[in-house]
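Colleague: I am new to this structure and would like a close look at a single part. Please start there, then show me how the rest is laid out.

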Amino acid sequence: MKLNLLKILTLTVSATLLCACNGFFDKDNTPAPTPLTSYRPEAQVHKLWTTFANFGEESDYLKLVPAVGGNAIFTASKDGTVTAVTKAKGRTLWKSYLKAQLSAGPTYDNGLVMVGSRGGHVIALNAVTGDTVWMTAVSSEVLSPPAAGEGVVAVKTIDGELTALSENDGHTLWHYHQTEPALILRGGSTPIIYGPDVIAGFENGNLAKLTLSEGSLIWQSTVAMPQGSFAIQRMVDIDADPVIYNHTIYVATYQGKVAALDLSSGKALWSHEMSSFTGITVDNDRVYVSDAKSFLWAFDRESGTVDWRQPQLESRVISGPALINNYVAVGDGQGYLHFISKIDGHFIARARVSNAAIRVTPVVEDGVVYVLTKEGYLSAYTIS
């Protein structure tokens, strides 16, 4: 993995493990980002607005992806600020200052905005006013945004616990637990609520499907098996959010695989060796994945064959991919937003959003792409 791992690893136990990793952490192994390559622009990027939403994630690697709901887009920052701005103009509707360090979210559903905290709480706010509706303690730190639907909020915590809460008042409905490795990436994938079921990926490389009503296990599939002698080599975290498309679930692991699984049975349909922790998205033709080297890949959705690979963003620490019109959009660690052809992976357009990194996946709705920098600036763009 070509990042400074010290910044994004989480140790859950043991001084022994720390000693084993000392040689690795003695110096920064982060490579220089690949210089931007020249290309012939084929479309124009238009900035609609920019606003300072909050103070962002600061130096942490946190999954504080914006959420869209109604006429607003919501953001959260590490310091506890949750903000709502209008989608049309970026005008601030409200700001709430929570007495908690936030580490995941926000998530929007049914008039609520939900965030997770470092102290192990899920907090639900009124999406119109920003007032706190309820707050519930869970087993440990929340590093992946909650999932919400069907009256249930599903939240995964750093200790491998999946907890279902009532969306109405936050009371606990059930728990499900998997044993996590001692060393994991500092992040996590968001569960998926799909009809009467919930699907969750864990840091041990397992994907599990459970009943939403009771948390009963329907199936479990091991997407990737740990390899190597050292804990750092055996990390197979599912940190990229799985995606469901046409009764197939697509999932990627760190130091493991990208795979397609049958949603009913969990049976693997195809897989390809890959290391990814940032993001995956799908359309009718392809599966698009940002890998740990900052290569962008496109796989045939049905067969898993490689349609194309874009390596010219290597070490630029790209975000997960988002789809807008006929393009794939990714941000990078130097504040650029890149638009890439879905057909063959060549560059279409580029915009400099900020000097600050774009770490979270851009959000797309109604032909507008919303981009949040690590310093908390939120911008809206279109492309034509």
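Modeller: Let us take strand β7, residues 102-109. Bear in mind that this is a predicted model. Of the 8 residues in β7, 7 are buried, so the strand is largely enclosed by the rest of the structure. Buried here means under 20% relative accessible area.

Now look at the partner of β7. Strand β8 covers residues 112-117 and runs antiparallel to β7, joined to it by 5 bridges.

Strand β9 spans residues 121-126, and strand β10 spans residues 132-137. They pair in the antiparallel sense, over 5 bridges. Ala124 stands opposite Trp134 of β10. Here 5 residues lie between the strands. Gly130 sits in the turn, and its phi is positive, at about 85°.

What is Val287 in contact with, leaving aside its neighbours within four places in sequence? The contacts are Tyr250, Trp270, Ile280, Thr281, Val282, Trp297, Ala298, Phe299 and Arg301. Ala259 is 28 residues away along the chain from Val287, and their C-alpha atoms are separated by 9.8 Å.

Now step back to the whole protein. It has 34 strands and 2 helices. The radius of gyration is 20 Å, close to the 21 Å that the globule rule gives for 384 residues, so the protein is as compact as a globular protein of that length. Along the principal axes, its C-alpha atoms fill a box of roughly 55 × 50 × 45 Å.

Of the 384 residues, 59% count as buried. Take the contacts between residues at least 6 apart in sequence: 48% of them join residues at least 24 apart.

Last comes the surface. The protein exposes about 15,100 Å², and carbon and sulfur atoms supply 49% of that area. There are 29 positive and 36 negative charges, and the mean positions of the two sets are 8 Å apart.

Notes:
Residues are numbered from 1 along each chain as its sequence is written. This is a predicted model: local features need pLDDT of at least 70, side-chain atom pairs count only at pLDDT 80 or more; totals for chains, interfaces and linings use all residues. Side-chain values use heavy atoms; hydrogens and water are left out. Two strands pair if DSSP finds at least two bridges between them. Helices (H or I, at least four residues) and strands (E, at least two) are DSSP runs, numbered from the N terminus. The radius of gyration is taken over C-alpha atoms; the globule rule is 2.2 Å times the number of residues to the power 0.38. Buried means under 20% relative accessible area, exposed over 50%, partly exposed in between (1.4 Å probe, protein chains only). Contact means heavy atoms within 4.5 Å. Accessible areas come from the Shrake-Rupley method with a 1.4 Å probe; for residues, only the protein chains shown count as cover. Lys and Arg count as positive and Asp and Glu as negative; His and the chain ends are not counted. The place of a charge is taken as NZ of Lys, CZ of Arg, CG of Asp or CD of Glu.
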